[in-house]
Amino acid sequence: MSHDELKTGNVAAAGDEFREGRRRQRHLLSTAEVGSLCELNNVSAAQGVFQTLAVTIFTIALAVVFWHPLVVFPAVLVIASRQHALFVLVHDAAHYRLFKSRSLNDWVGQILAMPGGISMHTYRVIHRLHHNYLFEQRDPDVPLIAGYPRGRRYLLAKLSKDLLGLTAWKTFKYFFGAPVINDAASSTDRPLDDTAPALREAARRDRWWVIAWHSGMLVLAFIGGWWLEYLVLWLLPLVTVMQLFLRLRAGLEHGAVTDQTSALTAARTNVGPGWLMWLVFPHHVNFHIEHHLIPSIPFYNLPRCHNLLAKCGALSSAEVRRVPETLALLLANPSIASQRLPRVGKVTK
């Protein structure tokens, strides 16, 4: 039984769980420490939700009132970053780690996901495979995170396509349960088949709700006469800048890692100034080693987990780097990829 099951009293059925993996290495922390880190706090979760929604709504309102390029362009960037922040909260909900009540957790997760074109229940199915089969052929994220470094031209070309909205359809296809399949995987190995029947049915219903929400919003926007604001201040950042954030963060988290067999080196924790963390790594999602070690830790406890791991020396040889160092690895010429930068190893908070 996993720690999230111990804390919530919900025992996950086969096909519903985020399984213990060979990379987890829980022994780095004591049972008491892990139990404390996995404790859910409804107030902390609600603060994360309300702060993100407040910034989003305020930015949209500001752009609508001062409808000028000097306001709208920065607003698109901020809105895209908060769309990304909402996705990170949906990620916690997919892990059953947003609210103590399973029904409240799933309801809020669905509501936060729908405006971003995400089916939370479907994402839960897909994301389970990423954790349960990290870097294996059944990991649906392999096409996005593997193969780095591929050189400066490759990554910049991909990010440019994201910024132009040319790759958004792949993202929405992913969140609707049809990610790009790794070439090494079987063509019959469908991600939605590897799950419990109840979760598969919940995912099916949820996808229809997402379609209904966006269809309804488009109709209301045209009827209400605010279709331009809706297109520019919501759909535009969603299909352009937000796509760049998703790819960049995925690459920083898993790209060009040193060793895929260890939890301390198959994922990466990125550190940097507060403004950069707010923009690219909202809600402490930069602590990605910690998340893969113990997926049942909610986002607000990840910094504490990092400090505990650093204190016991577990991060001395881990993939903990400053963002510019990670970018250098991703952009490196493949022929010199073996030349590694020194690891940071810990963060002082």
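Of the 349 residues of the chain, 55% count as buried, where buried means under 20% relative accessible area, exposed over 50% and partly exposed in between, with a 1.4 Å probe and protein chains only. The model is predicted, so local features need pLDDT of at least 70 and side-chain atom pairs count only at pLDDT 80 or more, while totals for chains, interfaces and linings use all residues. Residues are numbered from 1 along each chain as its sequence is written, and side-chain values use heavy atoms, with hydrogens and water left out.

**Exercise 1. State how many helices and strands the chain has, and what share of its contacts with a separation of 6 or more falls to residues 24 or more positions apart.**

Begin with the elements: the chain has 17 helices and two strands, taken as DSSP runs (H or I of at least four residues for helices, E of at least two for strands) and numbered from the N terminus. Then turn to contacts, meaning heavy atoms within 4.5 Å: among those with a separation of 6 or more, residues 24 or more positions apart account for 74%.

**Exercise 2. Describe how helix 4 and helix 12 cross, and which residues make the contact.**

First, the axes of helix 4 (residues 69-94) and helix 12 (residues 241-254) come within 8 Å and cross at roughly 50 degrees. That angle makes helix 4 oblique to helix 12, because angles under 35 degrees count as roughly parallel, over 145 as roughly antiparallel, 65 to 115 as roughly perpendicular and the rest as oblique. Next, the crossing is right-handed. On the side of helix 4 the contact is made by V76, L77, A80, S81, Q83, H84 and F87, and on that of helix 12 by V241, M242, F245, L246 and R249. Sorted by class, this contact has eight nonpolar, three polar and one charged residues.

**Exercise 3. Locate T326 and T195, and say how each is placed relative to other residues.**

T326 lies in helix 17 (residues 323-331) and, at 0% relative accessibility, counts as buried. Leaving aside neighbours within four places in sequence, T326 is in contact with L252, R268, N270 and R321. T195, by contrast, sits in the loop between helix 9 (168-175) and helix 10 (197-224), and counts as buried at 10% relative accessibility. The C-alpha atoms of T195 and R124 are separated by 9.6 Å, although these residues are 71 residues apart along the chain.

**Exercise 4. Examine the backbone at P149, A256 and H283.**

Most residues other than glycine have a negative phi, and most peptide bonds are trans. The peptide bond from Y148 to P149 is cis, with omega near 0 degrees, and P149 is placed in the loop between helix 7 (142-145) and helix 8 (152-163). A256 has a positive phi, near 55 degrees; A256 belongs to the loop between helix 12 and helix 13 (263-266) and is buried at 5% relative accessibility. H283 has a positive phi of about 55 degrees, lies in the loop between helix 14 (274-280) and helix 15 (288-293), and is buried at 15% relative accessibility.

Methods. Axes fitted to C-alpha atoms, helices over the stretch in contact; angles between N-to-C directions. Left-handed = near helix turned anticlockwise from the far one by under 90°. Nonpolar A, V, L, I, M, F, W, Y, C, P; charged D, E, K, R; others polar.
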